[in-house]
Amino acid sequence: SSDDEGGEEYLFKIVIIGDSAVGKSNLLSRYARNEFNLHSKATIGVEFQTQSMEIDGKEVKAQIWDTAGQERFRAVTSAYYRGAVGALIVYDISRRTTFDSVGRWLEELKTHSDTTVARMLVGNKCDLENIRDVSVEEGKSLAEAEGLFFMETSALDSTNVKKAFEIVIREIYNNVS
Ligand code: GDP
Ligand code: MG
């Protein structure tokens with residue numbers, strides 16, 4: 001969209017989805033505030049965080065939405081998805097059940113979106129190598145089969161967190177510009 005000076009500004013809505021306790025809230029707090037919480041409770045109050053980056057000399061703002069824990073009851077509402085142009089679908093590499101749920105999350109995302117959504121499959125908690133339950137190859141091949149970007153991350157030690165968000169933001173930018 002254009003502003004009054006004839007320049008351009010961008011605001012993209014991105015949603016984070018995936019099973020309970022995979023690290024969605026910590027991925028967002030790591031990216032937006034460089035914070036990690038070992039005993040994080042369900043998010044209260046804040047619906048989203050806004051983070052800016054520069055692409056092609058333009059300010060691009062990402063409004064990144066986090067659930068308030070309603071995914072525990074499989075009750076993420078259509079309002080949550082409304083207008084989203086990017087999504088991180090997160091599982092926990094140390095819990096296979098969360099990987100098995102990815103298909104369901106993709107279906108739900110598709111049901112609620114009426115536009116192209118830049119999608120990244122995120123295998124979080126890659127710091128837990130010693131109790132890994134899903135291989136990197138499995139993550140990669142699911143992503144390939146579904147046409148998603150893929151990255152393993154750790155909100156705990158910061159591995160690939162910034163990268164994962166920024167790849168999605170750049171892809172959205174490419175989709176709209
Ligand atoms: P959410 O329910 O998906 O929002 O998950 P949370 O962000 O609340 O995290 C659930 C639990 O996993 C918390 O105890 C976090 O400290 C922990 N956690 C989140 N990310 C990581 C990570 O990258 N590595 C490890 N080891 N623990 C994590
Ligand atoms: Mg949460």
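Reader: What radius of gyration does the chain have, and what would a compact globule have?
Author: The chain has 16 Å, which agrees with the value near 16 Å for a compact globule of 177 residues. This is a predicted model.

Reader: And the box the C-alpha atoms fill?
Author: Along the principal axes, the box is roughly 55 × 30 × 30 Å.

Reader: How many helices and strands are there?
Author: Six helices and six strands. In sequence order the pattern is β-α-β-β-α-β-α-α-β-α-β-α.

Reader: What share of the contacts is between residues 24 or more positions apart?
Author: Such pairs make up 71% of the chain's contacts with a separation of 6 or more.

Reader: How much of the chain is buried?
Author: Buried residues are 39% of the 177. The largest nonpolar core has 45 residues, and those touching the most other members are I14, V15, I16, L88, I89 and V168. Helix 6 gives the largest share of this core, seven residues. In soluble globular proteins, nonpolar side chains tend to be buried together.

Reader: Which residues of helix 6 are buried?
Author: V161, A164, F165, V168, I169, I172 and Y173. V168 is also among the core residues that touch the most other members.

Reader: What length does helix 6 reach?
Author: Helix 6 covers residues 161-176, 16 residues, and reaches 23 Å from first C-alpha to last.

Reader: Different topic. What surrounds ligand 1?
Author: There are 18 residues around ligand 1, and the closest are G23, K24, S25, N26 and L156. By class, that shell has nine polar, six nonpolar and three charged residues.

Reader: Which element gives the largest share of that shell?
Author: Helix 1, residues 24-33, with three residues.

Reader: Which residues other than glycine have a positive phi?
Author: N34 is one of them, with phi near 55°. N160 is another, with phi near 60°.

Reader: Where do N34 and N160 sit?
Author: N34 is in the loop between helix 1 and strand 2. N160 is in the loop between strand 6 and helix 6.

Reader: Why does N34 count as exposed?
Author: N34 has 10 C-beta neighbours inside 10 Å, and a residue is exposed at 12 or fewer.

How values were computed. Residues numbered from 1 in each chain as written. Chains lettered and ligands numbered in written order. Predicted model: local features only at pLDDT ≥ 70, side-chain atom pairs only at ≥ 80, totals over all residues. Helix = DSSP H or I, 4+ residues; strand = E, 2+ residues; numbered from the N terminus. Expected span 1.5 Å × (residues − 1). Buried ≥ 20, exposed ≤ 12 C-beta atoms within 10 Å, placed from the backbone. Near = placed C-beta within 6 Å. Nonpolar A, V, L, I, M, F, W, Y, C, P; charged D, E, K, R; others polar. Core = buried A, V, L, I, M, F, W, Y, C linked by C-beta atoms within 7 Å. Rg over C-alpha atoms; globule rule 2.2 N^0.38 Å. Contact = placed C-beta atoms within 7 Å.
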